[in-house]
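Student: I would like a close look at one strand pairing and at the elements that lead on from it. Please go slowly, and state the cut-off behind each term as you use it.

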Amino acid sequence: MLDNTHEDWKARAANLSIRGQAFIDGKFVDAASGKTFDSINPANGEVLAQVAEGDAEDINRAVAAGRRAFEDGRWSRMAPGDRKTILLKLADLIRANLEEMALLDSLDMGKLVTDAVTIDAPGSAHFFQWYAEAIDKIYDEVAPTGPGDLALVSRVPLGVVGAVTPWNFPLDMATWKGAAALAAGNSVVLKPAEQSPLSALRLAELAAEAGVPDGVFNVVSGFGVTAGKALGLHMDVDCLAFTGSTAIGKMFMQYSGQSNLKQIWPETGGKSPNLIFADCEDLDAAADMAAFGIFFNQGEVCSANSRLYVERSIKDVFVEKMIARAQAMQPGDPLDPASKMGAIVDEKQTQGIMRFVEEGKKTANLVAGGERVTVDGKGCFIAPTIFDDVSHDNPLARDEIFGPVLSVIPFDSEDEAVVMANDSIYGLAASVWTDNLSRACRVSDKLMVGTVSVNTVDALSAQTPFGGMKQSGFGRDLSLHSLEKYTALKTTWIKYKA
């Protein structure tokens with residue numbers, strides 16, 4: 001796969017067989033209304049597939065299937081070792097179909113196929129394997145009691161879990177929600193983003209092939225205002241996990257109050273700060289990772305390091321390093337292994353990013369990029385963009401742009417850097433670059449974010465929880481902690497003759 005040329009990937013894409021129906025109760029089905037919508041390749045504007053436009057009726061069908069499966073115990077009461085075996089097989093099937101899964105995401109939302117095949121798709125397999133292995137290694141509790149009493153504290157699956165996932169990492173986000181919820185014994189109804197539903201639909205088919213019983217993993221493609229809202233308001237959904245914008249996360253919280261008080265676990269927006277101190281000895285490494293932190297996946301990352309705070313004494317030198325890296329990361333065809341950035345997900349997102357850029361030209365110093373580009377005369381592409389000397393109250397530094405746009409802000413002291421970094425409605429992630437261990441620990445303690453990466457950016461693994469503070473939400477994906485949101489604590493108290 002790593003040896004595939006541009007022509008190889010184009011040939012594989014041309015031969016790809018794409019299913020666009022919803023996956024409900026173990027089979028592909030048309031939307032109840034018969035409606036479809038176009039899945040469009042943002043790199044060239046071509047239609048990839050007609051996708052089922054699910055709505056409230058399709059959500060009803062999927063939830064009913066999930067409830068039947070949960071109640072009869074075909075998955076929820078399956079022996080832990082058997083659930084483990086099935087999810088391990090699913091991980092193997094993802095690996096066996098790695099190129100296909102990578103192509104579906106690359107074509108559907110514009111990410112580099114080289115990233116999808118080396119990061120996203122292998123990551124999906126890894127996370128399914130990790131949660132599968134955890135299933136039969138998690139123990140319940142026996143509470144301390146006196147003679148004649150036995151108090152058992154166990155974690156039990158909730159029932160039907162709804163999941164609404166974003167378009168920037170389609171397969172991985174479906175996995176982050178689905179793997180943990182399935183491992184805990186729940187049924188799942190997944191509503192992927194309408195911009196990128198294809199890999200989730202294929203994942204459901206692979207899950208069935210692996211042996212996940214009918215009705216346990218359902219995928220309903222459709223729009224947020226219809227299918228997503230219906231899932232949020234459904235009276236028979238016990239929990240809903242969401243990754244997306246803060247505004248939509250707030251709507252799901254409202255849907256919970258308007259319906260059955262289902263648990264809502266939001267992982268929402270971000271505007272992550274990256275603090276570069278003058279005592280960082282390897283500024284080239286810091287610049288490499290700062291560029292990765294904002295330009296990877298075209299900047300369409302909730303935890304993207306989009307605010308770059310640089311100590312004033314090194315700011316000009318560091319900005320020159322960033323400009324050089326931006327110039328070397330120009331976008332190209334996502335199927336070309338030589339490309340350094342792919343396409344923006346769609347025309348709406350592209351125009352939204354460019355509005356920020358055009359306004360930014362009036363208030364800050366544009367030093368790189370700043371223009372929309374095409375590849376072979378087509379597509380939604382934006383050059384990697386850097387604004388220098390951005391004021392802290394500028395929308396460039398306040399709002400989540402969700403694109404390849406970096407704001408550089410100088411600071412004069414550690415305290416000033418921390419205050420500015422924390423002065424945001426978001427609190428998802430942050431990075432700190434310093435070779436002073438005391439400073440690394442001190443600053444990390446003060447940053448109000450879910451993850452602090454020291455001398456790297458955006459660090460994560462299956463073993464550590466991912467999520468934020470403030471208006472970045474309070475849901476946690478990854479690690480054993482994520483199982484907590486898909487389970488309930490249950491006490492069973494037994495009186496016996498001592």
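Tutor: Strand β6 (residues 149-157) is joined to β23 by 9 bridges, and the two strands run antiparallel. Helices (H or I, at least four residues) and strands (E, at least two) are DSSP runs, numbered from the N terminus, and two strands count as paired if DSSP finds at least two bridges between them. The model is a predicted one, in which local features need pLDDT of at least 70 and side-chain atom pairs count only at pLDDT 80 or more, while totals for chains, interfaces and linings use all residues. Residues are numbered from 1 along each chain as its sequence is written, and side-chain values use heavy atoms, with hydrogens and water left out.

Within this pairing, R155 stands opposite L489 of β23. The pair belongs to an open sheet of 3 strands in the order β5-β6-β23, with antiparallel pairing; its edge strands are β5 (141-143) and β23 (487-495), each of which pairs on one side only. Neighbouring strands of this sheet are turned by 30° against each other on average, direction ignored, where the axes are lines fitted to C-alpha atoms (for helices over the stretch in contact) and angles run from 0 to 180 degrees between N-to-C directions.

S154 is also found in strand β6, and this serine counts as buried because its relative accessibility is 16%; buried means under 20% relative accessible area, exposed over 50%, and partly exposed in between, for a 1.4 Å probe and protein chains only. Leaving aside its neighbours within four places in sequence, S154 is in contact (heavy atoms within 4.5 Å) with D140, A488, L489 and K490.

The residues of α2 that are buried are D58, I59, A62, V63, A65, G66, R67, A69 and F70. Helix α2 (residues 56-72) has 17 residues and reaches 24 Å from its first C-alpha to its last, close to the expected 24 Å, a span taken as 1.5 Å times one less than the number of residues. At its start, a side-chain oxygen of D55 comes to within 3.1 Å of the backbone nitrogen of E57, and after the helix follows G73, whose phi is positive, near 80°.

Helix α10 (residues 283-295) has 13 residues and reaches 18 Å from its first C-alpha to its last, close to the 18 Å expected. Its buried residues are L283, A286, A287, A290, A291, G293, I294 and F295. They cover an arc of only 165° around the axis, so they lie on the same side of α10, the arc being that of the directions from the helix axis to the C-beta atoms. Behind such patterns stands the geometry of the α-helix, which has 3.6 residues a turn, so residues three or four places apart point the same way. The buried residues of α10 pack against β12 (273-276), β13 (307-311), α11 (312-327), β17 (385-388), β18 (405-411) and β20 (429-433). After α10 comes N297, with a positive phi near 55°.

The loop between α13 (395-398) and β18 holds F402. Most residues other than glycine have a negative phi, yet phi of F402 is positive, near 60°. F402 counts as buried because its relative accessibility is 17%.

Technical notes:
A polar contact is a pair of N or O atoms within 3.5 Å; within protein, one must be able to donate a hydrogen and the other to accept it, and residues adjacent in sequence count only if both atoms are side-chain atoms.
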